[in-house]
Amino acid sequence: MAAGLLLAACGDDAGERAAKVRRQQFIADSLALKVAVTPTLDCLPLYLAEQEGWFEREGVSVQLRPYTAQMDQDTALLRQRVEGMTTDRVRLDWIREQGGRVREVATTSLKWQLLTNKTARIKLLHQLDDKMVAMTRRSATDMLARRFIDSVKLLPERVFRIQVNDVSVRLSMLENGIMDAMLLPDPQATQARLQGHPALLDTDSMGLRLGVIVFTEQAMADTMRQRQVEQFLKVYQMACDTLAARGMKPYRELIAATCHVRPETADSLPAFSFRPSLSSTPQSKNAQPTNPKH
């Protein structure tokens, strides 16, 4: 009986310790600034800052929440699972249309390339007639696909825009010959080119800069969150400066792991300019966003 009582007491102590750990973890999670990111090269500064411990060094607790599709990021933001995210300006307009009150705080170097399946032998835009193009609706890829189609006066109904939200799945469909063409960011676009899939156009040549970092107005109205966002942006700038100075080759393993691409892809990436533009006076919720669709 004494042994049983002793075991029960030990069990109670263990249960209390586990409950205390859970409470501490809950508090830490609730206090951390949660930011949704994607497996794309524009998020590399954030992945680098997390790996090097720069957020902690600057006294801000940040949790990066990885998603492979923009729509999953949107859901997380609208349901208040995260306070901020990386996205594009076309998607940002759509989020606001859904009632999302968000504020743009910085730009990113997100860019896209229009790649075609090497077996389709598409060398010119007008050859997209009666072909399938993978993209994400209500996003920059949707806008770009429509712009490419309009530029060569193809009938919209003659180009089949197929919604494939997950960027890794989209790349896999090109690699396996399922899609004729698609819009991909780096490093996925580089992996496709290394396999012989040609790129017809890219947003750099069009002078488009559509990547942004946003936070909810609710977070920006909170004093603690405001300070966290300020420190977050300071670290983001620091990471961008480091990548600009050192290049991406020292971080090949980080790129491969966070962007789900082969190591040789990370070795073959083209020059990528990390030139963030931080909003010293982030636009208010009443500001009119620039609509790149027009």
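This is a predicted model: local features need pLDDT of at least 70, side-chain atom pairs count only at pLDDT 80 or more; totals for chains, interfaces and linings use all residues.
User: With which side chain does the side chain of Asp74 make a polar contact?
Analyst: Asp74 lies in helix H4, which covers residues 70–78. The polar contact, side chain to side chain at 2.5 Å, is with Arg91.

User: Is Asp74 buried or exposed?
Analyst: The relative accessibility of Asp74 is 2%. Buried means under 20%. Asp74 therefore counts as buried.

User: How many residues apart are Glu83 and Arg225?
Analyst: The side chains of Glu83 and Arg225 meet in a salt bridge, 3.7 Å from N to O. The pair links distant parts of the chain: Glu83 is in the loop between H4 and strand E3 (84–88), and Arg225 is in helix H10 (residues 223–246). Their separation in the chain is 142 residues.

User: Which residues are linked with Glu83 in a network of salt bridges?
Analyst: Glu83 is buried, and Arg225 is buried too. The salt bridge between Glu83 and Arg225 has an N to O distance of 3.7 Å. The network links Glu83 with Arg225 and Lys34.

User: By about how much of the helix are Asp142 and Arg146 separated?
Analyst: A salt bridge joins the side chains of Asp142 and Arg146 (3.7 Å, N to O). Asp142 is buried at 9% relative accessible area, whereas Arg146 is partly exposed at 31%. Because they are four residues apart in helix H6 (residues 140–151), the separation is about one helical turn.

Notes:
Residues are numbered from 1 along each chain as its sequence is written. Side-chain values use heavy atoms; hydrogens and water are left out. Helices (H or I, at least four residues) and strands (E, at least two) are DSSP runs, numbered from the N terminus. Buried means under 20% relative accessible area, exposed over 50%, partly exposed in between (1.4 Å probe, protein chains only). A polar contact is a pair of N or O atoms within 3.5 Å; within protein, one must be able to donate a hydrogen and the other to accept it, and residues adjacent in sequence count only if both atoms are side-chain atoms. A salt bridge is a side-chain nitrogen of Lys or Arg within 4 Å of a carboxyl oxygen of Asp or Glu.
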